[in-house]
Amino acid sequence: MDDAIKVRYSRLADEACCLSCGGAMEKSGASAGEVCVDLGSGRGTDVLRLAAAVGNGGFVYGIDATPGMVEKGRSAARKLGVENVSFIHGELEEIPLGSGSVNLVISNCVINHIAAKDALWKEVFRILRKGGRFVVSDIYSVYPVPSEYSSDPEAVAECWAGAVTRDEYLGMLRDAGFDCIEILEESMPYRKGKIEACSFTVRGYKNST
Ligand SMILES: C[S@@+](CC[C@H](N)C(=O)[O-])C[C@H]1O[C@@H](n2cnc3c(N)ncnc32)[C@H](O)[C@@H]1O
């Protein structure tokens, strides 16, 4: 993770502002007994909500590269007595989970930050079990982001300059091997930083048939 992203999220770990851009958790369809992971779990709110949905027979991992965020999640789980969760400090470019180990991957407003997005999606495919799914909320850029912004770490940390176009996004999902790719919600274009962006929630399956 780039230093600009780490600095931004170390500060935001102690604030109450919303860091999400869609309803990945609400649309995940998490059910009892499932093993789930939230990529870029931030303060851990969605991990705790997933933990309630999967119950004691299921388990939820939250992974984040900002130590302050990981600590927030662990402390919330301790306070609430939630035991079927684990918050892992780690980078998403190399997800610290075994192959075929989870039923469901969610993520909310994180993947736009990742430089190696194609590698990230291959990692998501690797950790999912056959028939498993991802439900991810993120932003895309209506037009390609000019390189003066996409190469600026501060602008990427602000959740807009790292965005790719909708076609590029969906192409990466297909290239990673996912099928039954479906957009579950999508906003109208809005101004974000120096670009026109849309928020969306997308789902895809690993070997659905
Ligand atoms: C916009 S916040 C979203 C947090 C949470 N998903 C939510 O909806 O509240 C982005 C999160 O992604 C994490 N992050 C960014 N790049 C990362 C990377 N390469 N590896 C792991 N975590 C990363 C940040 O530390 C931050 O907590």
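This note goes through a predicted model, from the chain as a whole to one strand and then to the ligand.

1. Overall build. The chain holds seven helices and eight strands, and its C-alpha trace spans about 45 × 45 × 30 Å along the principal axes. A compact globule of 209 residues would have a radius of gyration near 17 Å, and the chain, with 16 Å, agrees with this, which means that its radius of gyration is in line with that of a compact globule.

2. Of the 209 residues of the chain, 45% count as buried. If we take the contacts between residues at least 6 apart in sequence, 74% of them join residues at least 24 apart.

3. Strand E5 and its partners. Strand E5, which covers residues 128-141, is mostly covered, since eleven of its 14 residues are buried. Strand E4 (residues 102-108) pairs with E5 in the parallel sense over six bridges, while strand E8 (residues 195-205) pairs with E5 in the antiparallel sense over nine bridges.

4. The ligand. The ligand is surrounded by 21 residues, of which the closest are Ser20, Gly40, Gly42, Ala65 and Thr66. When the shell around the ligand is sorted by class, it has eleven nonpolar, seven polar and three charged residues.

Notes: Residues numbered from 1 in each chain as written. Predicted model: local features only at pLDDT ≥ 70, side-chain atom pairs only at ≥ 80, totals over all residues. Near = placed C-beta within 6 Å. Nonpolar A, V, L, I, M, F, W, Y, C, P; charged D, E, K, R; others polar. Buried ≥ 20, exposed ≤ 12 C-beta atoms within 10 Å, placed from the backbone. Helix = DSSP H or I, 4+ residues; strand = E, 2+ residues; numbered from the N terminus. Pairing = 2+ DSSP bridges. Rg over C-alpha atoms; globule rule 2.2 N^0.38 Å. Contact = placed C-beta atoms within 7 Å.
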